[in-house]
Amino acid sequence: MSASKYLAELLGTFFLVFVGSMSIVAAMTTGGPILVVVPIGFGFALLAALFAVGDISGGHFNPAVTLGAALDKRIPTVDAIAYVVAQVVGAIGASAVVLVLTSQAAVLSTRNTHPASVNDIQAFALEVILTALLVLVMLTVTKRDPGHVPLAIPLTLVVIHVAGIPFSGASVNPARSLGPALVGGDLSQIWIYLTAPFLGAAIGWVFYRVFERELM
């Protein structure tokens, strides 16, 4: 039933953004190491979401991942659009709960931004590259080795956060970026995180198709 798939995407994205955001707040509150706490928070949140509802919807929880699946004709366009809507709602809901439990300042601390030492183009390029990697891994492992999906994709997200947090904020997920930005009331730099992941998803899909043809 399609409705259960949409609900699974909403809940999975909610859990990913909520736990990931709270890991940021926790690290900043306690002075914990950001590059350890936050990557693990997001990676293990994705792992839990995949185990909880991934088998129902396919476990996208990310509009960029949904685009990659749609380009590969693994999901109908209508379902892809509904998935993205559900993901955005889940992300906004997660940030709203973070707001209720903490403060607007805390929510603002969870939004994706890049430091002054990195310009918009550099952050955009990094988000494109990191998302391409994520989507390439997703398309490959779900096709060739689905039994290792709960290991490969969350670990890839951990590595992406370790590499990207200091330079672009490591979004690779438009819904994850939009939720905190809207609820926190700061849309500066948001264009990067609403565009770069989609371009990265398309590039990741192109590489996947090239490698698939080589194996035929």
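Visitor: How is α8 enclosed by the rest of the structure, and how many of the eleven residues of α8 are buried?

Guide: Buried means under 20% relative accessible area, with exposed over 50% and partly exposed in between (1.4 Å probe, protein chains only), and helices are DSSP runs (H or I, at least four residues) numbered from the N terminus. Ten of the eleven residues of α8 are buried, so α8 is largely enclosed by the rest of the structure; among them are R176, S177 and L178. This is a predicted model, in which local features need pLDDT of at least 70 and side-chain atom pairs count only at pLDDT 80 or more, while totals for chains, interfaces and linings use all residues. Residues are numbered from 1 along each chain as its sequence is written, and side-chain values use heavy atoms, with hydrogens and water left out.

Visitor: What is found at the start of α8?

Guide: There, a side-chain oxygen of N173 reaches to within 3.1 Å of the backbone nitrogen of A175. N173, in the loop between α7 and α8, counts as buried at 4% relative accessibility. Contact means heavy atoms within 4.5 Å, and, leaving aside neighbours within four places in sequence, N173 is in contact with L16, F61, N62, P63 and P197.

Visitor: At what angle do the axes of α2 and α7 cross?

Guide: Axes are lines fitted to C-alpha atoms, for helices over the stretch in contact, and angles run from 0 to 180 degrees between N-to-C directions. The axes of α2 (residues 34–57) and α7 (residues 149–164) come within 8 Å and cross at roughly 155 degrees. Angles over 145 degrees count as roughly antiparallel, and α2 and α7 are therefore roughly antiparallel to each other.

Note on methods: Helix = DSSP H or I, 4+ residues; strand = E, 2+ residues; numbered from the N terminus. Parallel < 35°, antiparallel > 145°, perpendicular 65-115°, else oblique. Polar contact = N/O pair within 3.5 Å; in protein donor to acceptor, adjacent residues only side chain to side chain.
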